[in-house]
Amino acid sequence: MSLRNRELLNLVVVGALTALGFASVYIARQAVVSTASLSYAALFLALYLVAHLVARYAVPYADPYLLPMAALLTAVGLTEIYRIHPRDAFRQGIWVIIAVGVFAGTLLALRRDYRRLESYKYIFGLTAIGLLVLPALPGLGTTVNGARLWIHFGSLQFQPGEIAKLCLIVFLAGYLREKREVLAQGRLKDFGPLLVIWGGAMLVLVETNDLGSAFLYYGIFLAMLYVATGRLLYTGIGIALFLAGSYFVYTKVAHVHERVTIWLHPWTDHKVYCAQTGQMLLRQDCGSYQLVKSLYSVGNGGWLGTGFGRGTFETAQGHQLIPDLNTDFIYSALAQELGLIGISALLLLFMVFALRGMRIALLADDGFSKLAAAGLTFGFALQTFIIVGGILRVLPLTGITLPFVSYGGSSVVANFVLLAGLLLISNRANAPRDA
Amino acid sequence: MNRQITKLAVASLILLAALVVATTYWQTWASASLAEKQDNAIQRVAQFRIKRGLIRAADGTLLATNVRRKVGGQTLYFRRYPTGKLFANLVGYSTQVRSRAGLEQSENAYLTASNANLSTIFNKTLDKLKGVTITGNDLILSVRPGIQRLAMQQLAGKCGAAVVMNPQTGKVYALASQPTYDPNLVENHFNLIKAPGAPCHPAAPLLNRATDGLFTPGSTFKVVTATAALDSHKFTPGSTFYDPGYCIEYGKQVSNAASPDGPVESFGHPTLAQGLQHSINSVFCNVGKALGAGTILEYMKKFGFYKDPPLETPADEKVPSGLYHGGRLFFPRDPRTQVDPGRLAFGQETLAVTPLQMAMVASTVANGGVTMEPQVLNRVVDAGGATVVQVHPHALRRVMSKQTANELTSMMVAAVNDGTGGAAAIPGISVAGKTGTAETGTTGINTTWFIAFAPAYHPTVAVAVTLENQTGFGGTTAAPIAKQLMQAVLSPRSNK
């Protein structure tokens, strides 16, 4: 069977699963939602087919599993968003349509040779820093939950960090491909631009008050540096510098300090001062409210979960029990409804996606492609680790989206561009030599 | 570069596998402890799909039942309390918006069939597989609605509490607290819960005064001091004292009378027995000085002071009795210098006790010196009527010798027959009792007490009654209520 036919078959299976998901939400919540829910499944099958046809034309030799997996993750996310808040699902649906459009555009624009992006690497690097700085600008940035991650144009909100991540990877792939030999020998002056990026990431951390983003960009940087030079020592020094920088920020920035305290001690027996309200409250009623409520949601799932549409997210009076369920905490909602077995399957999907991405990096035959594929894939895995690990108290909680699953326009668009990038690289690697 | 990419792939896999491990931890290992957290609203709301177990009094009267309601396509079971205010502070409530209280909180595991008994687990799993509504286990309590109603009526319009129990088994017949509230209002009309006319501030209608209210015990505490005096063999009921109407402590006179302005009343040369009978402070002041605070504290601990009373109600609705300093339980490291033994001996110092603890003191004397665990739960039965748990009477410890208990009983009988507790006398039945009138710091305003048991030589009922902000004495305000409660238990008509 040809690669694209295999992709089509997988997409049909995903479409069936999507229909099943929406149907179970509909059955469980007939009083709240209508049969219109099933039209979502139909719409998405159609959308996946459009994406497939574009892929068939633009990247005929690309990996046949990535698009169906991305489609399935998006569908799971959309089903859960629909179950939590049907109106948000409509907006998210619009965003997915836009994302598939951008995906198709990227494939068509770069189908001949994406490697020409390499010559614009510094423009990509500066764009990344520029995008990261945007939310810190007065008048443009918006503070959400103590972190400045958003910019707004009128009513439109946008998280530039998601796009910056992709630009950074292109820059790093280009720069490291060019300098990898001299970097491996340890010529100090070649580290200049890299240390500027490190400083930039730390600056972002301070300016946006967000440990998670800095962790993500810096992690991608270290991983790509390691792939390029093969020297673990650099990674070790990098981790040491990151820890030193993080500790400095931890001691100086109250917002970061509080997040770490919440992480280590989410429950208190006695009341502590609550900065948000100015009262004495138990920490689980104040700073760690979100974390604790989301853990209760995960815990309530147990082995088998409650089933799609049957989880408990609000009281009979409609009072929300878990804040930000659509975005940062969609994993806790899914964990409750799918249970350990279902959510492990979802995590397995993330793993397979990461492995297919790394396989593309292995098969690619030029340095830029290898570095870009490894960077994009590792960024995907690390971002998943940061948000889900934050929810599960593996590390301090920071508001990052879960790739493909969370509610949020900029996130979905950026992830579909990432998918397009991996498919382009894969297509080139798998293409017959004479093509 | 392929070597590095392979390693990076492994690293990515480890990161994501760590998430599977962490999720497994929270969804299996830690799931039960998460479910037990008080602020776990998800668990609480989710439990409204369970047909919660019923709560019944000893005679079968329904105290808590369910109302089925369809909300958002789901069948939910909301609570209803047919007896309203009668058992509110004991039974508590189970709501979506305001968590749980009382037995609804502490016995939640039985009521939601999440207890670890094999038969319950089996039935629940079967229900889950069949897809039918899970039904909780029913609680059968030891409380008697007739006695409880009488206690609540007697306390009505006052602030106070009454505990009625069987001294031989520890089974509680009534646990009354006023002012109280209607548990049916908690879910949707919490703002209507008020007690505007209550003669105490804050009125705190949600507070279970019987187990969670702290009051100065006054002279009822002399029973504890007398136990220490007799059981330590330092004194006998016939030991004599000189009473000039006061006792000298730290060079100052401590008068017998509740009011220092009152006339000095002297009893001449009373015995210890007469000291208890007429509640003479100077006698106990001297006993306390002779015994030392350390010995009295030792007996307090034997009676169960300094520990939450072992009743089935939630831990946060019970407080230990003992000395309190600055709102905190205080156990002196050096009792000789940190505690005034004379004032401790007649129940002042900084003593604060719960009515339940004082009922346990009376019960212990009644039961020949052995403290029984106070219990309000008789049985847990499943939806099919089969007994899941039978709660058997449980002796906690021997506090005093049988002889000490007998001597104390005689002294307490004298206090009712010809002493301060005359108002508790029941014709034809010998009653043992002790009054208490504790100063509150405001002249003329007292906390009044009566603890008693009957029939004195074959006791089947023990009581403790406490009233706040009284102008009278324990013998005139609390003793008549205690008498009515004991009479009600002893009359054959109540044993239905």
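**Stop one: an antiparallel pair**

Start with H3(A) and H14(A), which are roughly antiparallel to each other (angles under 35 degrees count as roughly parallel, over 145 as roughly antiparallel, 65 to 115 as roughly perpendicular and the rest as oblique). Before going on, a word on the model: it is predicted, so local features need pLDDT of at least 70 and side-chain atom pairs count only at pLDDT 80 or more, while totals for chains, interfaces and linings use all residues. Residues are numbered from 1 along each chain as its sequence is written, and chains are lettered from A and ligands numbered from 1 in the order in which they are written.

To find the pair, select residues 66-84 of chain A for helix H3 and 409-430 of chain A for helix H14; they pack at about 165 degrees with axes 10 Å apart. Helices here (H or I, at least four residues) are DSSP runs, numbered from the N terminus. Axes are lines fitted to C-alpha atoms, over the stretch in contact for helices, and angles run from 0 to 180 degrees between N-to-C directions.

Now show side chains: Leu66(A), Leu67(A) and Ala70(A) of H3(A) are in contact with Leu419(A), Leu422(A) and Leu423(A) of H14(A) (in contact: C-beta atoms, placed from the backbone, within 7 Å). By class this contact has six nonpolar, no polar and no charged residues. Ala, Val, Leu, Ile, Met, Phe, Trp, Tyr, Cys and Pro count as nonpolar, Asp, Glu, Lys and Arg as charged, and the others, Gly among them, as polar.

**Stop two: H8(A) and H9(A)**

Next, pick H8(A) and helix H9, residues 232-252 of chain A; the angle is about 165 degrees and the axes are 9 Å apart. H8(A) and H9(A) are therefore roughly antiparallel to each other, and their crossing is right-handed. From H8(A), residues including Tyr218(A), Leu222(A) and Tyr226(A) meet a set in H9(A) that includes Tyr234(A), Gly238(A) and Phe242(A). The tally for this contact is eight nonpolar, four polar and no charged residues.

**Stop three: H6(A) and H13(A)**

On H6(A), look for Ala173(A), Gly174(A) and Arg177(A), among others; on H13(A), the contact residues include Gly375(A), Leu376(A) and Gly379(A). Colour the contact by class and you get nine nonpolar, four polar and three charged residues.

**Stop four: where chain A touches chain B**

How many residues does each chain bring to the contact? Chain A gives 51 residues and chain B gives 37 residues. On chain A, H8 (211-229), H11 (289-301), H12 (330-363) and H13 (367-391) each supply at least two residues of the side that touches chain B. H12(A) has the largest share, 13 residues. That side of chain A divides into 31 nonpolar, 17 polar and three charged residues.

**Last stop: the domains of chain B**

Switch to chain B and colour domain 1 (42-141) and domain 2 (145-181 + 194-376 + 397-494); such bounds come from an automatic or database domain assignment. Their centres, taken over C-alpha atoms, are 37 Å apart. Between them, 17 residues of domain 1 are in contact with 14 residues of domain 2.

Definitions and conventions:
Two residues are in contact if their C-beta atoms, placed from the backbone, lie within 7 Å. A crossing is left-handed if the near helix is turned anticlockwise from the far one by less than a right angle, and right-handed if clockwise.
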